[in-house]
Structures are given as structure tokens and as C-alpha cells.
Amino acid sequence: KRLEVKFSSGNTVFTGISSNLAEDGIFIRTQKGFAPDTTLDIKLFLPDGKISSLKGIVKRTTKSSISALKNGMGVEITEKDKSYLNFLKSFK
């Protein structure tokens, strides 16, 4: 599911698109990938209008000048809210 994502590590907020969601992880497509082990605050804009607040740690970053490759970050989710869990359950 592709959803708008806002993420930050510090005071600057960046935007991206989710391209892979799981209970313990998310891939965020973005041109602004952070280094592995960076802690992120993540806001995921759900289709029902709710905003899910997550925290995670960057596990890998993909960056390429080739537009066909998916630039972004694989993030391990360390904190999730009920809105996120309910959204994932809707796919089972």
C-alpha cells in the first residue's frame, strides 16, 4: 500500500511514500535516506484520515541515480500505535 509518510530525525521533516508495510518494518521511498542505525519519528497518513505515529531504526538505505531503482530506507519499527496495527489487520 502506498501511503504518504513524513519522517524526521531531529528538527527537519522529510516526506516519502510507503511501499512495503509489515508489523515490524516499513520501506519508505524517498530521495532523503538516512544512515543505518538512525532513529526516526514517522507519521503515516492512513486512508481513513488517521495519522499513525511510529518510531523506527534505519536498517538499510538504497540510493541510486537510476530512477527505475527504488531509492529509500528499510526501517525496523520499534514503536507502533493501534491505528497502524488495525490498518495492517485489514489486509488479512
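**Exercise 1. Find the aromatic pairs, then classify the pair of phenylalanine 7 and phenylalanine 34.**

The structure holds three aromatic pairs. Rings of Phe, Tyr and Trp (its six-membered ring) pair if their centres lie within 6.5 Å; planes under 30 degrees apart count as stacked, over 60 as edge-to-face and the rest as tilted. For phenylalanine 7 and phenylalanine 34, the ring centres are 6.0 Å apart and the planes stand at 80°, so this pair is edge-to-face. Now place the two residues. Phenylalanine 7 sits in strand E1 (residues 4-8) and phenylalanine 34 in the loop between E3 and E4, so the pair ties together parts 27 residues apart in sequence. Strands (E, at least two residues) and helices (H or I, at least four) are DSSP runs, numbered from the N terminus.

This is a predicted model: local features need pLDDT of at least 70, side-chain atom pairs count only at pLDDT 80 or more, and totals for chains, interfaces and linings use all residues. Residues are numbered from 1 along each chain as its sequence is written, and side-chain values use heavy atoms, with hydrogens and water left out.

**Exercise 2. Trace the neighbours of E1.**

Two strands pair if DSSP finds at least two bridges between them. Start with E2: five bridges join E1 to E2, and the two run antiparallel. Phenylalanine 7 stands opposite phenylalanine 14 in E2. E1 and E2 form a hairpin with four residues between them, and glycine 10 in the turn has a positive phi of about 110°. Then take E4: four bridges join E1 to E4, again in the antiparallel sense. Here lysine 6 stands opposite lysine 43 in E4.

**Exercise 3. Complete the barrel and give its strand order.**

Five bridges link E2 (residues 13-22) to E3 (residues 25-29), running antiparallel. Asparagine 20 has phenylalanine 27 in E3 as its bridge partner. E4 and E5 are antiparallel over seven bridges. Threonine 39 is partnered by isoleucine 57 in E5. The hairpin of E4 and E5 has five residues between the strands, and its glycine 49 takes a positive phi near 95°. Seven bridges join E5 to E6, also antiparallel. Isoleucine 57 has glutamate 76 in E6 as bridge partner.

**Exercise 4. Which strands does helix H1 lie across?**

H1 (residues 82-89) lies across E2, E3, E4 (39-45), E5 (51-62) and E6 (72-79). Contact means heavy atoms within 4.5 Å. H1 runs at about 40° to E2. Axes are lines fitted to C-alpha atoms, for helices over the stretch in contact, and angles run from 0 to 180 degrees between N-to-C directions.

**Exercise 5. Describe the largest cavity and its lining.**

On a 1 Å grid over the protein atoms alone, a cavity is a set of points where a 1.4 Å probe fits but cannot get out; lining residues have an atom within 4 Å of a point. The structure holds one cavity of 30 Å³ or more. The volume of the largest cavity is about 30 Å³. Its lining includes Thr30, Gln31, Lys63 and Asn71. By class, the lining has no nonpolar, seven polar and one charged residues. Asp, Glu, Lys and Arg count as charged, and Gly is among the polar ones.

Conventions
On a 1 Å grid over the protein atoms alone, a cavity is a set of points where a 1.4 Å probe fits but cannot get out, and a pocket is an open set with protein on both sides within 12 Å along at least five of seven lines; lining residues have an atom within 4 Å of a point. Grid points are joined across faces, edges and corners, and a volume is the space filled by probe spheres set on the points.
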